Amino acid sequence: MTEDQILNYLKEVHHPAKADRDIVDLGMVHHIDIEGNKVVVTLAFGKHRDPLAEYLIGSTKATLVRHLGKDYSSEVKTVVVDDEPKPKPKPLGNEMLKNIKHIVGIASGKGGVGKSTVAVNLAVALARLGYKVGLADADVYGPSVPTMTGTEGISPMGEEIDGAQYIVPLEKYGVRWMSIGYFADRGQALIWRGPMATNALKQMIQQVNWGELDYLLIDMPPGTGDIHITLVNDIPMEAAIIVTTPQNVALADVEKGVNMFKNKDINKKILGLVENMAWFTPAAHPDEKYYIFGRDGGAKMAEQLGIPLLGQIPLVQDIREGGDSGEPVALGSGPQAVAFLDLASKLKEI
């Protein structure tokens, strides 16, 4: 007597509630043990008890007795298994990024320089120029894109592609947005250690169905830590833009940021430097400029580091109001919008 013979016999046992399929086809025969003249068949049942379990056990016993005859004894045992074994999740990769022409990181040496403001308005400006644009908010400890785009409280949808689950980015102002802020309650502190934060950020980029894009901007966290190194190594980022303000305390960290991207183990192109809050212009006196953070500090630093100065963005009330209201200033027609449109036009040189 062989195991194949036993399996052939058991094909006669059909499950009435499973389209009358036999227990072998259903994968319910967990194990067959043949010891001398004794045959032990173990049937597998899910955690949720099958109402026909006793019927199936009895039918299996009867089938074995009928075919084995007097020369063999038989026994039927049962084992509980998961109802449907869950497939192992597919490891994250860059499949969803293959239809993106350019991936550009927006980085800064330190916080508080308006990096996210530049990133959001640059994305909107690129969309106004006719490009297909997405922005991934990778500033996990201070995600501000939901507020700056008026998309707070909206939860992205999910969709299944080839058996894997992906996130559908939100779309507004012609830009596809994704942020960890969409998955956290307002005011909730994201207390994550480095590896957890890095994995979450990779998911916010790699597990998103971006579709076809000309540009994907990544609003990176400030600094030059492990998160940055992991992102630039695992994401096919083509280049980076450095954002700073004119004062020395900010410029002191610019060189660190530039050197990180120029490091031989990272080696990413620096498109140039954006000097944010370059001067203050009162709304009532648009022709006046007050260099409250110092004058041309970013321009001088760009020259010193041998990288282009891409633009100088003024500190004006409209930019702050646009960020707070969720209507980026780049949507308008004033000089601030023109500054971002000019910045966007320079990305064509990638």
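Predicted model: local features only at pLDDT ≥ 70, side-chain atom pairs only at ≥ 80, totals over all residues.
Leaving aside its neighbours within four places in sequence, which residues is T149 in contact with?

Residues are numbered from 1 along each chain as its sequence is written, and side-chain values use heavy atoms, with hydrogens and water left out.

To return to the opening question: beyond those neighbours within four places, T149 is in contact with V120, K172, Y173, W177, Y182 and G326, where contact means heavy atoms within 4.5 Å. T149 lies in the loop between α4 (145-148) and β6 (158-161); helices (H or I, at least four residues) and strands (E, at least two) are DSSP runs, numbered from the N terminus. With 0% relative accessibility, T149 is buried. On this scale, buried means under 20% relative accessible area, exposed over 50%, and partly exposed in between, with a 1.4 Å probe and protein chains only. The T149 side chain reaches the backbone oxygen of V145 at 2.6 Å, and a polar contact of 2.7 Å joins it to the side chain of T151. A polar contact is a pair of N or O atoms within 3.5 Å; within protein, one must be able to donate a hydrogen and the other to accept it, and residues adjacent in sequence count only if both atoms are side-chain atoms.

One of the residues that T149 touches, Y173, sits in the loop between β8 (170-172) and β9 (175-179).

I turn now to the aromatic residues. The structure holds three aromatic pairs. Rings of Phe, Tyr and Trp (its six-membered ring) pair if their centres lie within 6.5 Å; planes under 30 degrees apart count as stacked, over 60 as edge-to-face and the rest as tilted. One of these pairs, Y131 and Y215, is edge-to-face, at 5.3 Å centre to centre and 85° between the planes. Y131 belongs to the loop between α3 (115-128) and β5 (133-137) and Y215 to strand β10 (residues 213-219), so the pair ties together parts that are 84 residues apart in sequence. Y131 is partly exposed at 23%, whereas Y215 is buried at 4%.

W279 and Y291 also form an edge-to-face pair, with 6.2 Å centre to centre and 70° between the planes. W279 is in strand β12 (residues 269-280) and Y291 in the loop between β12 and α8 (297-305), twelve residues apart. W279 is buried, with a relative accessible area of 14%; Y291 is partly exposed, with 27%.

Three strands form an open sheet of mixed pairing, in the order β1-β2-β3; two strands pair if DSSP finds at least two bridges between them. β1 (29-35) and β3 (73-81) stand at the edges with a single partner strand each, so one side of each is left without a neighbour in the sheet. Strand β2 (residues 38-46) pairs with β3 in the parallel sense over nine bridges.
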